[in-house]
Amino acid sequence: MGPTSRTRFARGLSLVELMVALVVGLLLTAGAISVFLSNKSTHEVTSGLSRLQENARFALETMLRDLRMAGGVGCVDNVGSVSNIAMTAGDPRGVLWDLGVPESLPGAEPGVGLEGLDNVQPGTSLWSAWASPSVTKGSPEDTSRIIAGTDAVTVRYLGGLGQSAEGTVASLSVEGTPLVVAEGYAGVVDCTAGVLFKVSQASGTAVTTASPKYASASRYFQTTATNDFYPRLFPLHAARYYVGVGSGGPGHRSLYRQTLRWEDRNGNGAHDPGEVFVVDDELASGVEDMQILYGIASGDAPEEYVGAGAQKLDTPEEWRSVVSVRLGLLLRTVDEQGAQPDTRVYDVFSGGSFASLDKCAKGSGCVDPPDLRVRRRVFTTTVYLRNRT
Amino acid sequence: MIANPRTRAACPRPRRPSAQRGAVLIVSLILLAVLTLLGLSTMSTTSLEEKMAANTQESTRAFQIAETGLARAFGTKTLSEVSPLPEETIKLSDSQRKVGEVTYAIRRNGEYLPPVGSLFSAKLFRSQHFDVESTGKTWSGDEATPVRSVHHAGAYQIIPNFQN
């Protein structure tokens, strides 16, 4: 090879050229990487917030649907017209079915369709504050996962459109397949009165209850058709909502719903005695706090909103006068991301956020969530309750 | 970017620069592809979100429309004197287009004794019960596939027993 060819090779890769090429290349790569990283973090934020939105939407939709129906007992106009013969002392399922007038516990207050607890603490029971002491307040009840300072609410009603029924409480004949299951709770009402009872068998078109004392309980309602209008049978819906430690781990919080549900635990596909359980379902993750206010009626319009346990809202009678519910939820993105922890205080009713607790207006829905590297959003809604007189 | 000396020796001159440009092209294409994937995934999330939000909006609207029907039905005065009972479809529109409709029907649900615990004596009064079914419909696109919300509500009137 001659000098000409060597010069040619050297010209292509001189040190200066190489450096310039490297710098330009690095700049380009750095630019591309920064675009990539910012895109990636935008994507993470967007998907985190989308998930937060979904959780909030689901939580609100589920809760509002239940809250709206609180205290509904078919075409009877109030729970005081319903006799509760299911409520017996010592039932381990507790007072989830505390609706109507307990017949077997003389002197006990009529139950309520809506009942809240303010500032619950882990380890304390979520069961009714005033149910007769002779009623076992539910066991087992896992109260360890409850988040301190959040609110809880219980909703009870006879759900759906029901089905026509005829006969006595001891032995009802329904139209079609029973909507209720053995060991579950059901209510049968005509438009004058009703009975809430525990179903012992539901097969074919027959529904029976095991309470022999009420075998001829026809005095509670008209058991035959009046002008072709039959009493109707409904399953009892009872649900308790609270915020608890999420399944994601100790730092996670979720909205839980506690219900009575039939579960085929022995796997034979049949409704066997003892197969109705109190179940806790994790409804929506990322729900950090729930605060609830209740609208108390004075005349037609809700006069004021008070918290559970306030002086105006600490007896069953006062609970029955609640006409609306204001619900404030604080949600956070489920996964931590970013560098700065969120130290702010949120007002779950106004939607505002503040630097510290004393800047947040007193008596409202101020909550101070843990300082985590998450984004938070407040969701507030007010729902008008039907079935109030 | 520094070529293998053996390749350098073996390759004829014109192919080297083209090989270098190719590397830049491939690297930038890969980066672009990754960014595009990220963008596409964000876009699909967003469009899914948008659909969900639109559905929520539609169902909320259908819900409120059905409530309108209930309010209208309960606004009917002295149901016991109305015969036949009202059944009506109302079209709802904003200034530009029809946004939905509500259909409600009131049916009799029998006569019973006044509710237990009410102040009305069963001898002198009876209660006449009514069922209202209200269906709210709304659509954002095709009118043939509306979002529907069906609400049931009851009402009763205490009326005197003229016969006794």
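Predicted model: local features only at pLDDT ≥ 70, side-chain atom pairs only at ≥ 80, totals over all residues.
**Exercise 1.** Describe how the side chains of strand β9 (residues 206–209) of chain A are arranged, and find the strands joined to β9(A).

*Solution.* 
Step 1. In a regular strand the side chains alternate between the two faces of the sheet.
Step 2. Sort the residues of β9(A) by face: A:V207 and A:T209 point to one face, and A:A206 and A:T208 point to the other.
Step 3. Look at strand β6 (residues 171–174) of chain A, which is joined to β9(A) by three bridges and runs antiparallel to it. Here A:L172 stands opposite A:V207.
Step 4. Turn to strand β8 (residues 194–203) of chain A, which is antiparallel to β9(A) and joined to it by four bridges. A:T209 is the bridge partner of A:V199.
Step 5. Inspect the hairpin of β8(A) and β9(A): two residues lie between the strands, and A:G204 has a positive phi near 60 degrees.

**Exercise 2.** Is A:E282 buried, partly exposed or exposed, and which side chains make polar contacts with its side chain?

*Solution.* 
Step 1. Locate A:E282 in strand β12 (residues 276–285) of chain A.
Step 2. Its relative accessible area is 32%, so A:E282 is partly exposed. The range for this class lies between 20% and 50%.
Step 3. Leaving out residues up to four places away in sequence, A:E282 touches A:G246, A:S247, A:S254, A:L255 and A:Y256.
Step 4. The side chain of A:E282 makes a polar contact of 2.8 Å with the side chain of A:S247, and another of 2.5 Å with the side chain of A:S254.

Technical notes: Residues numbered from 1 in each chain as written. Chains lettered and ligands numbered in written order. Heavy atoms only, no water. Buried < 20%, exposed > 50% of the residue type's maximum accessible area, 1.4 Å probe, protein only. Pairing = 2+ DSSP bridges. Contact = heavy atoms within 4.5 Å. Polar contact = N/O pair within 3.5 Å; in protein donor to acceptor, adjacent residues only side chain to side chain.
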